[in-house]
Amino acid sequence: MRAEELFRADGAVLYCMDVGELENESTFYKYYETMSGERQRKVDSLLRMEDKRLSLGAGILMDQGLSEWGLCEREAVLSYTEKGKPYLAQHPHIHFNLSHSESKVLAVFAGVETGCDIERQQASDLALVKRFFTAGDFAFIAGQQGKAGQDEAFTRMWTLKESFLKALGTGLLLPLNAFEIAISPEGDIALDGKSVVAHFLDPGAFVFREYRLGEYFAAVCFRKQL
């Protein structure tokens, strides 16, 4: 199986794949046998076949991404930060992140801290947005035309925020209303300098990219070297 390469530049690469091919039992176990013991245990611990396929797909993308450095998933030793983000202690120059949603898996590899997220389009809930997001986020989402436009804007904003949090390695320990991501009418994306988080981070140190993949939205965030 080969993944779709969405982006490649400056030592970074972003892959996406659909795990539909893994519905074939022989294909599934063909790739399962190539995985590390840790990945196999993760797959085995899951009850639903849909989740097993996503976990195996993540392992396949790990293998493909690590091949850029002459490495493979089977031999890679993962360590975890206090907040649970995986990293390669033996290869600190390689940064990576994984995400999945329904049948899609996303993976990014780079020489800088990075995070990614993929989501199938979600229904927007303006009451939830108003409670947990910033006023600027709410204005952007609520200002879109019609429910379909609001759903799209909500999913875009969610994936962008998730990619930023994962690049930081904090997860949702940093509240969603502590930072704002500004999306211009031209589609330019940046961390807003008026956000609370901007008081201890340089907003210009982060670069975002986003993708529309049918019913799915994907985003990736890179923390630039300063």
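Reader: Are Phe-154 and Trp-158 buried or exposed?

Author: This is a predicted model, in which local features need pLDDT of at least 70, side-chain atom pairs count only at pLDDT 80 or more, and totals for chains, interfaces and linings use all residues. Residues are numbered from 1 along each chain as its sequence is written, and side-chain values use heavy atoms, with hydrogens and water left out. A residue is called buried under 20% relative accessible area, exposed over 50%, and partly exposed in between (1.4 Å probe, protein chains only). By that rule, Phe-154 and Trp-158 are both buried.

Reader: Which kind of aromatic pair do Phe-154 and Trp-158 form?

Author: Rings of Phe, Tyr and Trp (its six-membered ring) pair if their centres lie within 6.5 Å, and planes under 30 degrees apart count as stacked, over 60 as edge-to-face and the rest as tilted. By this rule the count comes to twelve aromatic pairs. For Phe-154 and Trp-158 the distance is 6.3 Å centre to centre and the angle between the planes is 35 degrees, and the pair is tilted.

Reader: Why are Phe-154 and Trp-158 separated by about one helical turn?

Author: Helices (H or I, at least four residues) and strands (E, at least two) are DSSP runs, numbered from the N terminus. Phe-154 and Trp-158 are separated by about one helical turn because both belong to helix α6, where they are four residues apart.

Reader: Which parts of the chain does the pair of Phe-164 and Phe-208 tie together?

Author: The ring centres of Phe-164 and Phe-208 are 6.4 Å apart with planes at 40 degrees, so this pair is tilted. Phe-164 is buried, and Phe-208 is buried as well. Since the two residues are 44 apart in sequence, the pair ties together helix α6, which holds Phe-164, and strand β10, which holds Phe-208.

Reader: Which residues do ring pairs link into a cluster?

Author: A charge sits over a ring if NZ of Lys or CZ of Arg is within 6 Å of the ring centre and within 35 degrees of the ring normal, and the charged end of Lys-161 sits in this way over the ring of Phe-179, 4.2 Å from its centre. Phe-179 is also one of the residues that ring pairs link into a cluster, whose members are Phe-164, Phe-179, Phe-206 and Phe-208.

Reader: In what order do the three strands form an open sheet?

Author: Two strands pair if DSSP finds at least two bridges between them, and β7 and strand β11 (residues 216-223) pair in the antiparallel sense over seven bridges. In this pairing Glu-119 stands opposite Phe-217 in β11. β7 (114-120) and β10 (206-213) each have a single partner strand and stand at the edges, so one side of each is left without a neighbour in the sheet. The order of the antiparallel open sheet is therefore β7-β11-β10.

Reader: At about what angle does helix α6 run to β7?

Author: Axes are lines fitted to C-alpha atoms, for helices over the stretch in contact (heavy atoms within 4.5 Å), and angles run from 0 to 180 degrees between N-to-C directions. Helix α6 (residues 146-168) lies across β7, β10 and β11, and its angle to β7 is about 150 degrees.

Reader: How many residues apart are Arg-156 and Glu-210?

Author: A salt bridge is a side-chain nitrogen of Lys or Arg within 4 Å of a carboxyl oxygen of Asp or Glu, and Arg-156 and Glu-210 form one in which the closest N and O atoms are 2.5 Å apart. Arg-156 counts as buried because its relative accessibility is 16%, whereas Glu-210, at 25%, counts as partly exposed. The pair links distant parts of the chain, with Arg-156 in helix α6 and Glu-210 in strand β10, and the separation is 54 residues.

Reader: Which parts of the chain does the salt bridge of Glu-113 and Arg-223 tie together?

Author: The side chains of Glu-113 and Arg-223 meet in a salt bridge at 3.5 Å, N to O. With a relative accessible area of 34%, Glu-113 is partly exposed, and Arg-223 is partly exposed at 27%. The two residues are 110 apart in sequence, so the pair ties together the loop between β6 and β7, where Glu-113 lies, and strand β11, where Arg-223 lies.
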